[in-house]
Amino acid sequence: MGNKVTGSCLCGNFSYHFDRDRVISAHHCHCKDCQKMTGSGKATIVMVPTESLITEGELKTFTVTGTEGAHVTRGFCPDCGSQTISYVEEMPTTRFVKAGTMDDSSWLTIDSSFWSCSAEPWSPVDSSRPVFEKNP
């Protein structure tokens, strides 16, 4: 891979890699589920084609029904608890990599923010990029 991106959970028992050229887009999600999941004001996700994401190790998963009815499955390390990858069951060809788990995310450019309607004042939406009140 020419532009290999690597990442892992905090303890290193789960790792992944993908080719940066295959990234679909990157976003900040301010939905309440992402806020609870991160313990912060948003999750920064990188959308990658499922077939481009190579993983090593096991994840435990937790699935919820999102506000608009989609089934969101979040993968986390069973040892350290790090959230690493999630997906929407209704979008099987795409995975959402948590940007903070990448070994080097300095190259990343955020394309937009989702769920501005639930963004907290202490973690405001980046208005320099396209903003969507809910899912685009």
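Strands and helices in this tour are DSSP runs, with strands of at least two residues and helices of at least four, numbered from the N terminus. The model is predicted.

**The whole chain**

Begin with the entire protein in view. It contains one helix and ten strands, and from the N terminus the elements follow the order β-β-β-α-β-β-β-β-β-β-β. Along the principal axes, the C-alpha atoms fill a box of roughly 35 × 30 × 30 Å. The radius of gyration is 14 Å, which agrees with the value near 14 Å that a compact globule of 136 residues would have. Buried residues account for 40% of the 136 residues. Of the contacts between residues at least 6 apart in sequence, 50% join residues at least 24 apart.

**The seven-stranded sheet**

Next, colour the strands of the open sheet. Seven strands lie in the order β6-β7-β8-β9-β4-β3-β10, and their pairing is mixed. β6 (60–65) and β10 form the edges, each pairing on one side only. From one strand to the next, the twist averages 30°.

Select β6 and β7 (residues 71–76) at one end of this order. These two strands are antiparallel and share six bridges. Within this pair, threonine 61 has glycine 75 of β7 as its bridge partner. The two strands form a hairpin with five residues between them, and glycine 69 in the turn has a positive phi of about 95°.

Now move to β3 (residues 25–29) and β10. Here the strands run parallel and are joined by three bridges. Cysteine 29 stands opposite phenylalanine 114 of β10.

Select aspartate 111, which is found in the loop between β9 (94–98) and β10. Which residues does aspartate 111 contact, leaving aside its neighbours within four places in sequence? They are Ser25, Ala26, His27, Arg129 and Pro130. Alanine 26 is 85 residues from aspartate 111 in sequence, yet their C-alpha atoms are 5.5 Å apart in space. Aspartate 111 is partly exposed because its relative accessible area, 34%, falls between the 20% and 50% limits.

**The segment after β10**

Continue to tryptophan 115, in the segment after β10 (112–114). Most residues other than glycine have a negative phi. Why is tryptophan 115 counted as buried? Its relative accessible area is 8%, and the term applies to values under 20%.

Serine 118 is placed in the segment after β10 as well. Its relative accessible area of 12% makes serine 118 buried. Not counting residues up to four places away in sequence, serine 118 touches His30, Cys31, Lys32 and Gln35.

**Two salt bridges**

Show the charged side chains. Side chains of opposite charge can pair when their charged atoms come close. How many salt bridges does a search of the whole structure find? The search finds two.

One joins lysine 32 to glutamate 120, with the closest N and O atoms 2.5 Å apart. Lysine 32 belongs to helix α1 (residues 32–38) and glutamate 120 to the segment after β10, so the pair ties together parts that are 88 residues apart in sequence. Lysine 32 is partly exposed at 42% relative accessibility, and glutamate 120 is also partly exposed, with a relative accessible area of 22%.

For the other, select glutamate 51 and arginine 22, whose closest N and O atoms are 2.8 Å apart. Glutamate 51 lies in the loop between β4 and β5 (54–56), and arginine 22 in the loop between β2 and β3, so this pair ties together parts that are 29 residues apart in sequence. Glutamate 51 is exposed, at 57% relative accessibility, whereas arginine 22 is partly exposed, with a relative accessible area of 38%.

Finish inside the protein. In soluble globular proteins, nonpolar side chains tend to be buried together. Here the largest nonpolar core has 16 residues, and those with the most contacts inside it are Tyr16, Phe18, Val46, Leu53, Val97, Met102 and Leu108. β2 (15–19) and β4 (43–49) are the elements that give two or more residues to this core. A second, separate core has 13 residues, including Cys29, Ile45, Val72 and Phe114.

Key:
Residues numbered from 1 in each chain as written. Predicted model: local features only at pLDDT ≥ 70, side-chain atom pairs only at ≥ 80, totals over all residues. Heavy atoms only, no water. Core = buried A, V, L, I, M, F, W, Y, C linked by side-chain atoms within 4.5 Å. Buried < 20%, exposed > 50% of the residue type's maximum accessible area, 1.4 Å probe, protein only. Pairing = 2+ DSSP bridges. Axes fitted to C-alpha atoms, helices over the stretch in contact; angles between N-to-C directions. Contact = heavy atoms within 4.5 Å. Salt bridge = Lys/Arg side-chain N within 4 Å of Asp/Glu carboxyl O. Rg over C-alpha atoms; globule rule 2.2 N^0.38 Å.
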